[in-house]
Amino acid sequence: MSAGDFLRGLIRGAVIGGYLGFNFVMGKLADLVKALFQLDKEWVTRVTMGMIVLSVIWGILGIIDAFMVRVQEFAWGVAQFLPLTPQEWYASVTLHAIRDLFGFAQQLILAVFIYFTFRMLLIQPRAKWVFNLGFVLFNISFMFFEGPIIITQQQGFDNYFSATGWYYLAPIGIPGYSLYVVSPFWYIAWLLMDAGIYLMTGWYVYHFYLASKGRNEKLPIFLVFGLVVAILMLESYSGEVVTSLWDLLAFYKLVGYNVIADQISFVTLWHGIVYIAWFPAVASLYLLIPTLAGKPLYSEKLARVSAVLYLIFSTGPLGIHHLYMVNLPPEVKVLVEVLTEGIVVPSMMTFFNLFATVKGANIKWNLLAAWTVLSFAGSIYGGVMGISNSVISFNAISHEGYYVVSHFHAMILFSIVPAGFAALYLMLPMMTQRSWYSAKMAWIHFWGYLIGTIMLIVGFSELGISGLIRKEEVYPLSPAFIDGQILATIGSTIADIATTVWLVNVVLTLVKGRVSYGESVSLGEVTNSLVMTFSGDYDIVSNGVIKGFNLVKTELEKIGIAHRVSRQAS
């Protein structure tokens, strides 16, 4: 064989090998996409999985934003170094809220309710194009929120990452009213998101109407809260639509501008978003606790009454308690203060109802129970922190401080997210018919998340009690401030790593999980299977994590003692 023949054969073999390798890789990639989006399943499962995947993507990006905020605060306290510019830092604050509150939380909320609604009501989806259009507009909006589209080189004009704060209290960002001006695509993004929300949510409510035609029995409590959340979305976004449209027209000087009226119109969403995010956690508790206890709910009537009261006491105008410092009539502020505290009534009814349901039940400790207990206890903890903010005198001191940051992160991370994880641990096997890939990874996720979140909330609380103003990039180098920022940063890192373990477990489950269920698997069947699966590895994982937690606790105590000694010496 000549050298030329050898070389030609070598090239031919390389081409064939490359072609086969390319086909192999593309085949594996196609299998991964098929598994991720459940493309072999019926329409409801496909769209639900699509919403979950995109919500996780936006959630990861939002977590990265939050981590960059933590890095900036940590670096300043430890080394008086700022790795980000002020605009990048504040834009990270803004995009963290936008991506995690809306792209992640609200999309995941709708996904959970849509999936269980069609499973429980046994109805077929109609007018799918309405939902599909809303889904596309909603997710496109986040690309407009962050640019990059160059509009002008005018000084003070922000073409890229907006640094307004997610609620952009008027008149920030409007030319002629503010020295800092954002791209008009910021307001267009809000309007696109509004359109997506109204199309998807309106489509969802429409199917309750269709189901009511041939249905005589009452809605399950979980779906009652699904309907309440949908109505609250439609109501809360109404003021925000007015605000965004008004701001966009004012941006081009087509209409006049009233700053206080603009703030009041937006506050319907500012207030409503809290309950839009929390009520699904309450709904999940109403679903999970009776299922785990193997008992019916103590009082369905009490649950239905509490759902109606929740809707009444979470209406948009009560968001004025975020505007106590605005020049409004004192009588309005006092009325809002009283009505805001009314949320305690349905909350106490709910906690009593759920506690009475589980009382006397023999529940084997398992992962679902762990997430459910955390959500139940976290709702009480975060709620107690929050109710004090309704008091005008206390709110005047705390509203712009880290105490409020600690409160709403406690509600989100101790109550809302744990309930969401519990629901996802149930939903994914029902949707995919696959068992979770690793029980150990699931327990690592729980304990890592719990420890990290405790450290984060304690750190924020220390900053709030010490008097630090929120969104203060460069803070006084006081030991209390430094300790709080370090603790919060380490905690958020631990929680993020634990959540990454969960994400890996999700992907491995979709690709390699054992097929264990049929297409018509019931909630009770999956629950019983998960209880057995997630009980066996508890002792091994939890003992190791508890030892690690005790080690961290000891080191933090040493830091506290060292600081007290240094203060006494000075």
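Contact here means heavy atoms within 4.5 Å. This is a predicted model, in which local features need pLDDT of at least 70 and side-chain atom pairs count only at pLDDT 80 or more, while totals for chains, interfaces and linings use all residues. Residues are numbered from 1 along each chain as its sequence is written, and side-chain values use heavy atoms, with hydrogens and water left out.

Start with the whole chain. It has 17 helices and two strands. Helices (H or I, at least four residues) and strands (E, at least two) are DSSP runs, numbered from the N terminus. Of the 570 residues in the chain, 53% are buried. Buried means under 20% relative accessible area, exposed means over 50%, and partly exposed lies in between, using a 1.4 Å probe and protein chains only.

Next comes the core. A nonpolar core is a set of buried Ala, Val, Leu, Ile, Met, Phe, Trp, Tyr and Cys residues joined through side-chain atoms within 4.5 Å. The largest one here has 154 residues. Phe-102, Trp-166, Trp-190, Trp-278 and Tyr-425 have the most contacts inside it. Take Tyr-425. Leaving aside neighbours within four places in sequence, Tyr-425 is in contact with Leu-367, Leu-368, Trp-371, Trp-436, Ala-442, His-445, Trp-502, Leu-530 and Phe-534.

Now look at how helices pack. Axes are lines fitted to C-alpha atoms, for helices over the stretch in contact, and angles run from 0 to 180 degrees between N-to-C directions. Angles under 35 degrees count as roughly parallel, over 145 as roughly antiparallel, 65 to 115 as roughly perpendicular, and the rest as oblique.

Helix α3 (residues 86-121) packs with helix α5 (residues 185-213) at an angle of about 15°, their axes 11 Å apart. That angle makes α3 roughly parallel to α5. Their crossing is left-handed. A crossing has this hand if the near helix is turned anticlockwise from the far one by less than a right angle, and is right-handed if clockwise. On the α3 side, the contact includes Ile-98, Phe-102 and Phe-113. On the α5 side, it includes Trp-186, Trp-190 and Tyr-204. By class, this contact has 16 nonpolar, five polar and no charged residues. Ala, Val, Leu, Ile, Met, Phe, Trp, Tyr, Cys and Pro count as nonpolar, Asp, Glu, Lys and Arg as charged, and the others, Gly among them, as polar.

Helix α3 also meets α7. Their axes come within 11 Å and cross at roughly 40°. The two helices are therefore oblique to each other. This crossing, too, is left-handed. Leu-101, Phe-102, Gln-106, Ile-109, Phe-113, Phe-116 and Met-120 of α3 make the contact with Leu-269, Ile-273, Ile-276, Ala-277, Pro-280, Ala-283 and Leu-287 of α7. The classes are 13 nonpolar, one polar and no charged.

Follow α7 (residues 259-293) to α8 (residues 300-313). These helices pack at about 170°, with axes 11 Å apart. That makes α7 roughly antiparallel to α8. His-271, Trp-278, Phe-279, Val-282 and Tyr-286 in α7 meet Ala-303, Ser-306, Tyr-310 and Phe-313 in α8. Seven of the contact residues are nonpolar, two are polar and none is charged.

Some single residues deserve a stop. Thr-509 is found in helix α15 (residues 479-512). Thr-509 is buried, with a relative accessible area of 2%. Not counting residues up to four places away in sequence, Thr-509 touches Arg-434, Ser-435, Trp-436 and Tyr-437. The C-alpha atoms of Thr-509 and Arg-434 are separated by 6.9 Å, though these residues are 75 apart along the chain.

Ala-170 sits in the loop between β1 (157-158) and β2 (181-182). At 8% relative accessibility, Ala-170 counts as buried. Beyond its neighbours within four places in sequence, Ala-170 is in contact with Tyr-257, Val-259, Asp-262 and Gln-263.

Finally, consider backbone angles. Most residues other than glycine have a negative phi. Ala-127 has a positive phi of about 50°. Ala-127 lies in the loop between α3 and α4 (128-145) and is partly exposed, at 35% relative accessible area. Lys-253 has a positive phi of about 60°. Lys-253 lies in the loop between α6 (221-251) and α7 and counts as exposed, at 61% relative accessibility.
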